[in-house]
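Here are a few exercises to work through with the model open. Try each task before you read its solution.

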Amino acid sequence: MVVPALLFILVFSYIPMYGVLMAFQDYNIFTGFMASPWVGFKHFEMFFHAPEFWSVIRNTVVISLLKLFIGFPAPILLALMLNEVHNRVFKRTIQTISYLPHFISWVIVSGFVTSLLSTDNGSFNILLQQLNLIDEPINFLSIPEYFWTILVTTGVWKEIGFSSIVYLAAIAGVDPQLYEAGAMDGASRLRQMFSITLPSILPVIIIFLILNIGNLLNAGFEDILLLGANPVLRDVADVIDTYVYRVGIQNNRYSYATAVGLFKGVLSVALLAAANYAARRSGNSLW
């Protein structure tokens, strides 16, 4: 099993890294790597001086931070609440319902959200009108001010259940004698949650927080590409990944796209190393 695994990693992870050389070339698909001229940091400089640079970086950072601050603690809270449910049928029903959206593709989810927010018999607009909160239907997916809220809310709904599995597994490994001792000392269930459950699963939380910080610049691709397809939303929806796809891939600017992707990769590694260094002081780190 070891040899096939090593071959898989070599073929699909390390050999493709040779393509990073395109970032330093004016790559021509017909002449290949060897014949393409070297241009140094030309494409990096073009990206840094591009008119969209600051808006792309801002959108990437803001969306990533919103997903981190809202999406990261959400599955932890769900796991803690499910742990307090003693009715197995109800607990399994909630778990199944919360897990299902993870297995639905973003194409279907985006279609569902678009229909939900539609001005033409959209359920959300109908509800707001029945509550007399609005007079006319609102096209939420055409208003930039609402996009980040819709994007983050949809992402949390889709992944909260599946992401809570690892925390439920960590909670299941907590020694029951700790809860018995807490109950004998008069600790309420809420106190046990904060004094026993959370400290016990803190190493798992820290590890996943480090990984999330390392992926901080991965603000998303499919969700943003589908929900932010309206050109009106480009100023708030264009992140590094969608920018690479739109400017680099669709326009056949492969070297430029590679340079932008490499820039994001280097920053992600730096963020991961910084987060791991900070977590090392608590005794919980990746290395």
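**Exercise 1.** With which side chain does the side chain of lysine 158 make a polar contact?

*Solution.* Some ground rules before we start. This is a predicted model, where local features need pLDDT of at least 70 and side-chain atom pairs count only at pLDDT 80 or more, while totals for chains, interfaces and linings use all residues. Residues are numbered from 1 along each chain as its sequence is written, and side-chain values use heavy atoms, leaving out hydrogens and water.

Step 1: find lysine 158 in helix α9. Helices here are DSSP runs (H or I, at least four residues), numbered from the N terminus.

Step 2: look for a polar contact, meaning a pair of N or O atoms within 3.5 Å; within protein, one must be able to donate a hydrogen and the other to accept it, and residues adjacent in sequence count only if both atoms are side-chain atoms. The partner is the side chain of glutamate 159, at 3.4 Å.

Step 3: check the surroundings. Lysine 158 counts as buried because its relative accessibility is 4%; buried means under 20% relative accessible area, exposed over 50%, and partly exposed in between (1.4 Å probe, protein chains only). Setting aside neighbours within four places in sequence, lysine 158 has contacts with Pro101, His102, Ile104, Ser105, Trp106 and Val109, a contact being heavy atoms within 4.5 Å.

**Exercise 2.** Which backbone oxygen does the side chain of threonine 154 reach?

*Solution.* Step 1: stay in helix α9, where threonine 154 also has its place.

Step 1: follow the side chain to the backbone oxygen of isoleucine 150, at 2.7 Å.

Step 2: see what packs around it. Not counting residues up to four places away in sequence, threonine 154 touches Trp106, Val109, Val113 and Leu227. Threonine 154 is buried, as its relative accessible area is 8%.

**Exercise 3.** Where is asparagine 132, and where is asparagine 252?

*Solution.* Step 1: asparagine 132 is in the loop between α8 (123-130) and α9, and asparagine 252 is in the loop between α14 (240-249) and α15 (254-280).

Step 1: read the backbone angles. Phi is near 60° for asparagine 132 and near 60° for asparagine 252. Most residues other than glycine have a negative phi.

Step 2: check accessibility. Asparagine 132 counts as exposed at 66%, and asparagine 252 is exposed at 51%.

Technical notes: Helices (H or I, at least four residues) and strands (E, at least two) are DSSP runs, numbered from the N terminus.
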